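Try each task before you read its solution.

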Amino acid sequence: MHRFLVLISALFGRLRLRRRSPLHFIIIGALSLMIIAPIAIPNSRAFRSTAFATTILQADFTLDNVPINVSSPFLPDKFYTADPGEFTQAATSSTAQPSNEFNLIAVPFGTSPTMESLPVAQFGGAESYRTALYQYRTGQSAIQQTGPTSTIFGQQVVGQVSQVSVSLDGGTPKPTLIVEWVVEAGKRLWIVRVGKEMATSETLSTLAPFIASLSDMGISSSKLDNPTTIKLDSVSASAPPPDIPDAVDNLPFPSWWNGNCDYHNYPGSNTLGASYLGMPACGPIGTERQVQFFPGAWGELEWQCVELSMRYLYLRYGIHPYGANGSQVVGNYRSSYGGGLQVITNGYAYPAPVAGDVLSYGPRSSNGHTSVVASASVDGNGNGSITVIQQNVVGNGWKTLTVSHWHVSGSQYTISAWLHHP
């Protein structure tokens, strides 16, 4: 500052303002303020951008036949979107370490997402979804508060902030920030979700500038009225499957079943068509019936995706069912459970998934998905494809995923890791 004053005084010397008149001091003070103020007083918007996002990031993709543009100061990675017709229409941008995520979920009227026990979407249902999500987070013992207001499909939508403890990597639960918005647009309900793993020193108060920055997030589309790709009649009940245990060739027939796909205990059950080692993927989708593989076992829901993976692990390796969403089946596995399985993180140079591996998909702070690899064709450079069997999906239970440079993709969720038998 002293140098600035000396410089200004020198300038006045050249202007022949030799006497220290009141005008002299007024002009010096004004010029000093003009020079110093921009340095001493940071612009609040620029400060926020410097701390959390230097630019507003952009992403364009198509989800459930709707072209989407996302602009946000927080986008962890590129988006992976669901294939047309898949029952869960979601687009996900995420990283694993640290666990960061940006999710957009489209729920056409007449359907319900396979997560958080949300009801069937219908006209005027946004508020019921907000209430259901609030109750779901309350059940997670969340610290909750009102979130930022963001522009979603031309509407000003108030978000909901939650701090929850989630087992992100299968270990000790970690504090996680979740910000969620729900909006109705184009005969769909839409859920927008931002998740951020919190550092040990972070709290909702210290993350207030980051949360506030999400008010700059915007989502838009010019064709919200495009029809959904989900065809509910594609999973209509078929004729009862053959009531014979020998339908399962290699793995033992589940002792708790009465009929293939437990048909007699659960009328309406049927095989989807996909199977591995004689173990079928079963339906219908969206069911909530709990079953125990043996007395005292952790309960599984027929025919959710987790039930299939847990059934496989139990029948093949004797691994007892354990608590996990689809996104946590791999991370929550422990060597003490048996089976001698290894956890392989997606993208490692070796090994690629092989038949019999169990995949986990999606950000660990939500339900995600899981499947069992039935076949694989991957070359020495880590390129090729794998075919999985899965449940709680529209279709016959088969799905082919792409492997490129050892990274598996091709689902609405980012595949995080898989259980592999060495």
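**Exercise 1.** Find the residue that follows α6 and describe its phi.

*Solution.* This is a predicted model, so work from its coordinates.

**Exercise 2.** What span should helix α6 have, and what do its end C-alpha atoms give?

*Solution.* Start with the length: α6 covers residues 305-317, which is 13 residues. The expected span is 1.5 Å times one less than the number of residues.

**Exercise 3.** Is α6 mostly covered or mostly uncovered?

*Solution.* Apply the cut-off first: buried means under 20% relative accessible area. By that test, 10 of the 13 residues in α6 are buried, so the helix is mostly covered. Among them are C305, V306, L308, M310 and Y312. For background, 50% of the 422 residues of the protein chain count as buried.

**Exercise 4.** Why does E307 count as buried, and which residues does E307 touch?

*Solution.* First place the residue: E307 sits in helix α6. Its relative accessible area is 0%, so E307 is buried. Now list its contacts, leaving out residues up to four places away in sequence: F293, E300, L301, E302 and Q391.

**Exercise 5.** How many helices and strands does the protein chain have?

*Solution.* Count each kind in turn: there are 6 helices and 21 strands. For contacts between residues at least 6 apart in sequence, 55% join residues at least 24 apart.

Technical notes:
Residues are numbered from 1 along each chain as its sequence is written. This is a predicted model: local features need pLDDT of at least 70, side-chain atom pairs count only at pLDDT 80 or more; totals for chains, interfaces and linings use all residues. Side-chain values use heavy atoms; hydrogens and water are left out. Helices (H or I, at least four residues) and strands (E, at least two) are DSSP runs, numbered from the N terminus. Buried means under 20% relative accessible area, exposed over 50%, partly exposed in between (1.4 Å probe, protein chains only). Contact means heavy atoms within 4.5 Å.
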